[in-house]
Amino acid sequence: MPTPVTLIPGDGIGPSITDATLRVLDAAGADIAWDRQLAGMAAVTAAGDPVPDATLDAIERSKVALKGPLETPVGEGYRSINVALRQRFDLYANVRPVYTIIPGGRYEDVDIVLVRENTEGLYIGIEHYVRIGDDPRAVAESLAVITRFGSERIVRYAFEYAASRGRKKVTLAHKANILKASSGLFLDVGRDIAKEYEGRVEFEDVIIDALAMKLVLNPERYDVIVTTNLFGDILSDLLAGLVGGLGLAPGANIGTTAAMFEAVHGTAPDIAGKGVANPSAVLLAACLMLEHLGDAERARRIREALVATIREKKSVTRDLGGTASTDQFTDAVIARLQG
Ligand code: NAD
């Protein structure tokens, strides 16, 4: 029985890089029944809504989605795509693995998985201005909400991720020296849960600013990092920078009722329609999806073919220093896979 997966090709370069990804998965023998659905500008054009209910219902049925980048329409009346997806499926864990693919860069042995809490913290959007005298915006206040429940489930997710993949260490990033209540609660919960994994997964905690410096100096020291929403947002781009930028960065959004896999980059309007986009990030996201579906061996084979193609440099896209089109690059990955 083929595994049902909702496919959202997305906007801009989305359709071409998701097509490329499907070709590679097909060549690797993945038995998936794709349910194509619209979101983003494509859905606004077709249905007047960037996240149609039909798309949400499809994800609810399949419980797994592969998503191309979406253009977020600016303007009144449109639902935020990410908020709608996060709320409906409680996508609490944002998982971003980064590792060195292209040798000869600044760092050789980076292999880090960032696990970011995605539903709490400063990003819950509870904020307001306070008027003083005739200045309506004299003061701005934002509320950071950290719950024991939310902290426990994200830290546990990080430990389970580490334990199930043979990873050695979880580093918890916080600012409990200043934010004694919110970051302090997150740290306390982390320390408690770490005890359950003693002897299996090491644990350390590091203050976020110190971690930023240490990551730039010695990124190879880190394995799995777990942190709250805002710190995770900033760290995820820092980590992508350590391994050469967003072009090779996949992400997974894991929820209680569904999981969604995507590239970290956007719709690349400057190169859309030119057939030169690099499909690697979506392909790597599809590998995360295969692992999620219990097909880790196929994910490993695809990743190996992709990395070998990139390292050989003969048939790579412009952003990787080559001249190949999306199709030529994809053909080269498929040839490796089948060779
Ligand atoms: P972007 O990531 O689309 O592009 C930044 C630069 O990277 C561009 O020069 C682009 O050509 C290049 N680039 C990105 N992906 C590439 C690829 N696969 N191959 C080769 N080059 C690539 O960022 P942006 O320009 O800030 O955003 C464009 C649109 O994408 C916006 O509408 C934004 O809202 C949306 N966006 C969506 C997501 C998502 O759906 N996950 C994420 C980020 C941005």
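The side chains of Asp 327 and Arg 23 meet in a salt bridge, with 3.8 Å from N to O; the term stands for a side-chain nitrogen of Lys or Arg within 4 Å of a carboxyl oxygen of Asp or Glu. Asp 327 belongs to helix H11 (residues 326-338) and Arg 23 to helix H1 (residues 14-27), so the pair ties together parts that are 304 residues apart in sequence. Helices (H or I, at least four residues) and strands (E, at least two) are DSSP runs, numbered from the N terminus. Arg 23 counts as partly exposed because its relative accessibility is 34%; buried means under 20% relative accessible area, exposed over 50%, and partly exposed in between (1.4 Å probe, protein chains only).

The model is a predicted one, in which local features need pLDDT of at least 70 and side-chain atom pairs count only at pLDDT 80 or more, while totals for chains, interfaces and linings use all residues. Residues are numbered from 1 along each chain as its sequence is written, and side-chain values use heavy atoms, with hydrogens and water left out.

A search of the whole structure finds 24 salt bridges. One of them joins the side chains of Lys 67 and Glu 262, at 2.5 Å from N to O. This pair links distant parts of the chain, with Lys 67 in strand S3 (residues 64-67) and Glu 262 in strand S12 (residues 259-263), 195 residues apart. Lys 67 is buried, with a relative accessible area of 4%. Glu 262 is buried as well, its relative accessible area being 18%.

Asp 90 forms another salt bridge, with Arg 153, and the closest N and O atoms are 2.8 Å apart. Here too the pair links distant parts of the chain: Asp 90 sits in the loop between helix H4 (81-89) and strand S4 (91-99), Arg 153 in helix H5 (residues 148-164), and the two are 63 residues apart. Asp 90 is partly exposed at 24% relative accessibility, whereas Arg 153 is buried at 15%. Salt bridges that share partners also join Arg 23, Asp 327 and Asp 331 into one network.

The chain as a whole comes next. The protein chain has 11 helices and 12 strands. Its radius of gyration is 21 Å, close to the 20 Å that the globule rule gives for 339 residues, so the chain is as compact as a globular protein of that length. The radius is taken over C-alpha atoms, and the rule is 2.2 Å times the number of residues to the power 0.38. Along the principal axes, the C-alpha atoms fill a box of roughly 60 × 50 × 40 Å. Buried residues make up 51% of the 339 residues. Among contacts with a separation of 6 or more, 72% are between residues 24 or more positions apart, a contact being heavy atoms within 4.5 Å. The accessible surface of the chain comes to about 15,700 Å², and 51% of this belongs to carbon and sulfur atoms. Accessible areas come from the Shrake-Rupley method with a 1.4 Å probe; for residues, only the protein chains shown count as cover.

Of its 6 residues the number buried is 0, so S6 lies largely in the open. S6 pairs with strand S7 (residues 135-142) in the antiparallel sense over 5 bridges, where pairing requires that DSSP finds at least two bridges between the strands. His 128 stands opposite Glu 141 in S7. The two strands form a hairpin with 2 residues between them, and Gly 133 in the turn has a positive phi of about 60°.

Together with Ile 124 and Leu 143, Ile 126 makes a nonpolar surface patch of about 240 Å². Patches consist of residues with over 30% relative accessible area and no salt bridge; like charges are joined within 9 Å, nonpolar side chains (Val, Leu, Ile, Met, Phe, Trp, Tyr) within 5 Å.

Two backbone angles remain. Most residues other than glycine have a negative phi. Ala 268, though not a glycine, has a positive phi of about 45°. Ala 268 lies in the loop between S12 and helix H9 (280-292) and is partly exposed, at 22% relative accessible area. Lys 313 also has a positive phi, near 65°. This lysine is found in the loop between helix H10 (296-312) and H11, and Lys 313 is exposed, with a relative accessible area of 54%.
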